[in-house]
Amino acid sequence: MSEFELVDADAVEGVGDEWEEIDVSDTDADRIARQRDREFADFRKRIKDADQLKVEGSVFDEATLAAVYKLVQDGHIRAFGGPLSTGKEANVYEALGADGRDVAVKIYRISASDFRHMRDYLEGDPRFSGIGSDKGQVVVAWVRKEFANLQRAMEAGVRVPEPIAVQRNVLVMELVGRPDDRGRRLAEVTVENPETAFEVVREYMRRLYAVGLVHGDLSEYNLVVDEGELFVIDLGQAVTVHHPNADEFLRRDCENITSFFTRQGHEVSADELYDFVTEPESDDT
């Protein structure tokens with residue numbers, strides 16, 4: 001017998017009217033969904049109307065607003081403050097974190113980010129193989145990469161802003177300094193003891209290399225001083241030692257660092273710094 005059977009026309013009389021018996025009353029899920037829609041609409045209006053954010057309102061597109069809203073819902077952000085810095089690819093804002101401490105919220109602008117520049121650092125990194133050519137995917141991968149690099153650096157004993165959370169193109173991390181007194185880049189201060197500062201920087205470079213990372217853009221502009229403590233920042237471009245350009249990036253970092261400290265009166269060699277960073281630590285006690 002065929003799996004298809006003829007049906008008597010009289011048997012289908014009334015078919016199509018059964019919708020009247022379907023329960024279309026609100027469920028708890030429906031009410032929660034509508035409440036969240038209202039909350040997000042209110043959140044979006046408050047962000048876009050905030051005086052301290054109006055100038056940079058173009059940063060907060062719908063997808064970015066949704067990402068920030070998710071971070072708020074997850075408890076990582078309690079209140080938004082004004083901008084701490086604005087750059088070509090990202091803006092950094094002050095915010096109040098879950099535990100009441102000040103945090104920094106770094107938002108990458110997908111439309112303005114240097115897509116080709118990012119790909120140079122992502123391609124060849126085994127952690128991000130298979131990243132396509134979609135600009136949005138590249139920027140999101142870049143932000144995840146910065147979060148992962150900060151985690152690895154911190155675990156290695158390098159003083160970096162503590163990574164707290166990441167959502168799409170938004171990164172929440174420790175605020176270095178205070179909202180009214182941010183940490184100063186090494187390029188902005190007078191280095192009173194360049195010998196000691198250099199020792200700290202080269203040790204940080206060595207620790208990064210020991211856990212498989214090369215900063216890739218290290219200079220006096222990516223080193224921040226706060227209350228006498230030195231921080232390494234902007235690790236978005238940091239690559240693993242397996243990246244095809246890792247050695248080139250490391251040698252460039254060494255040149256930048258030694259050039260800066262030589263100008264500060266502490267003459268050092270880029271080749272010697274390179275050897276120090278790449279030489280395996282001795283197990284001798």
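How do the residues of the lining of the largest cavity divide into nonpolar, polar and charged? They split into eight nonpolar, one polar and one charged, where Ala, Val, Leu, Ile, Met, Phe, Trp, Tyr, Cys and Pro count as nonpolar, Asp, Glu, Lys and Arg as charged, and the others, Gly among them, as polar. Bear in mind that this is a predicted model: local features need pLDDT of at least 70, side-chain atom pairs count only at pLDDT 80 or more, and totals for chains, interfaces and linings use all residues. Numbering runs from 1 along each chain as its sequence is written, and side-chain values use heavy atoms, with hydrogens and water left out.

**The cavity**
- Searching the whole structure turns up one cavity of 30 Å³ or more; on a 1 Å grid over the protein atoms alone, a cavity is a set of points where a 1.4 Å probe fits but cannot get out, and lining residues have an atom within 4 Å of a point.
- The largest cavity holds about 60 Å³ of space, a volume being the space filled by probe spheres set on the points, which are joined across faces, edges and corners.
- Its lining is M205, L208, Y209, L213, V214, H215, L218, L250, D253 and V277.
- The largest share, three residues, comes from α5; helices (H or I, at least four residues) and strands (E, at least two) are DSSP runs, numbered from the N terminus.

**The pockets**
- About 830 Å³ sits in the largest pocket, a pocket being an open set with protein on both sides within 12 Å along at least five of seven lines.
- Of the 32 residues lining the largest pocket, V92, K106, R185, I233 and D234 lie nearest its centre.
- That lining comes to 14 nonpolar, eight polar and 10 charged residues.
- The second largest pocket has about 270 Å³, and α5 gives the most to its lining, with three residues.

**The α5/α7 packing**
- Helices α5 (residues 194–210) and α7 (residues 270–278) have axes that come within 8 Å and cross at roughly 45 degrees; axes are lines fitted to C-alpha atoms, for helices over the stretch in contact, and angles run from 0 to 180 degrees between N-to-C directions.
- α5 and α7 are therefore oblique to each other, given that angles under 35 degrees count as roughly parallel, over 145 as roughly antiparallel, 65 to 115 as roughly perpendicular and the rest as oblique.
- On the α5 side, F198, R202, E203, M205, R206 and Y209 meet L273, F276, V277 and T278 of α7, with contact meaning heavy atoms within 4.5 Å.
- By class, the residues of this contact are six nonpolar, one polar and three charged.
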